[in-house]
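Here is a short briefing on one helix and on the charged pairs of the chain. Look at the structure first, then read the points below.

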Amino acid sequence: MKLRLLHSLPLAAALLAPLAALAEPTAIYLVRHAEKADATKDPELTAEGQQRARNIATILRHAGITHVFSTPFVRTRATAQPLAQRNALAMETYDPRAPKALVDKVKSLNGAVLVVGHSNTVPELVRLFGGTPGADIADDEYDRLYQLVPAADGAVATVLLTSLPSNR
């Protein structure tokens, strides 16, 4: 019996391999961290930034988020935390200097995903996921929320949403 099971494993792996290739998120949400308290290296969020983080959690509460990614900085983790907590999800950190590694990991997942980054990393991530980022994110702009929806043919629809409170 054990020998037969061992011989069946390669066949089972070969049959399941195409299914693993089909894994991809249903939607990817990308957002810059909310308003930061100051220009130090790793600041907290302002009161307005904390409110924006809660609003993002409210906007995405029914989006089917299954994974939440943040850079290791306090401001990005604090932006992702309300949604991760609301959905009882572990927050996964990624290295903002290795965007391709994050893209590869996210593309292997099922369900919807939230990625929190920075003004200088989010547009590049949108491009790497196949979306259209539009204009650069200004240093005082915090309300841009991207929704990327992959299609079966490989195309990616980009929807630009706004998170409140809006400063524009």
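Lysine 100 sits in helix 4, which spans residues 99-107. The model is a predicted one. Lysine 100 is partly exposed, at 47% relative accessible area.

**Lysine 100 and its partner**
- The side chains of lysine 100 and aspartate 104 make a polar contact at 2.9 Å.
- This pair is also a salt bridge.
- Aspartate 104 and lysine 100 are four residues apart in helix 4, so about one helical turn separates them.
- Aspartate 104 is partly exposed, with a relative accessible area of 43%.
- Glutamate 124 lies 24 residues from lysine 100 along the chain, and their C-alpha atoms are 9.8 Å apart.

**The buried side of helix 4**
- Leu102, Val103 and Val106 are buried in helix 4.
- These residues cover an arc of only 100 degrees around the axis, so they lie on the same side of helix 4.
- The buried residues of helix 4 pack against strand 1, strand 2, strand 4 and helix 5.

**Other salt bridges**
- The whole structure holds eight salt bridges.
- One of them joins aspartate 139 to arginine 32, with the closest N and O atoms 3.8 Å apart.
- That pair links distant parts of the chain, 107 residues apart: aspartate 139 is in the loop between helix 5 and strand 5, and arginine 32 is in strand 1.
- Aspartate 139 is exposed at 56% relative accessibility, whereas arginine 32 is buried at 3%.
- Glutamate 35 and arginine 52 form another salt bridge, with the closest N and O atoms 2.6 Å apart.
- Glutamate 35 lies in the loop between strand 1 and helix 2 and arginine 52 in helix 2, so the pair ties together parts 17 residues apart in sequence.
- Both glutamate 35 and arginine 52 are buried.

Terms used:
Residues numbered from 1 in each chain as written. Predicted model: local features only at pLDDT ≥ 70, side-chain atom pairs only at ≥ 80, totals over all residues. Heavy atoms only, no water. Helix = DSSP H or I, 4+ residues; strand = E, 2+ residues; numbered from the N terminus. Buried < 20%, exposed > 50% of the residue type's maximum accessible area, 1.4 Å probe, protein only. Polar contact = N/O pair within 3.5 Å; in protein donor to acceptor, adjacent residues only side chain to side chain. Arc of directions from axis to C-beta. Contact = heavy atoms within 4.5 Å. Salt bridge = Lys/Arg side-chain N within 4 Å of Asp/Glu carboxyl O.
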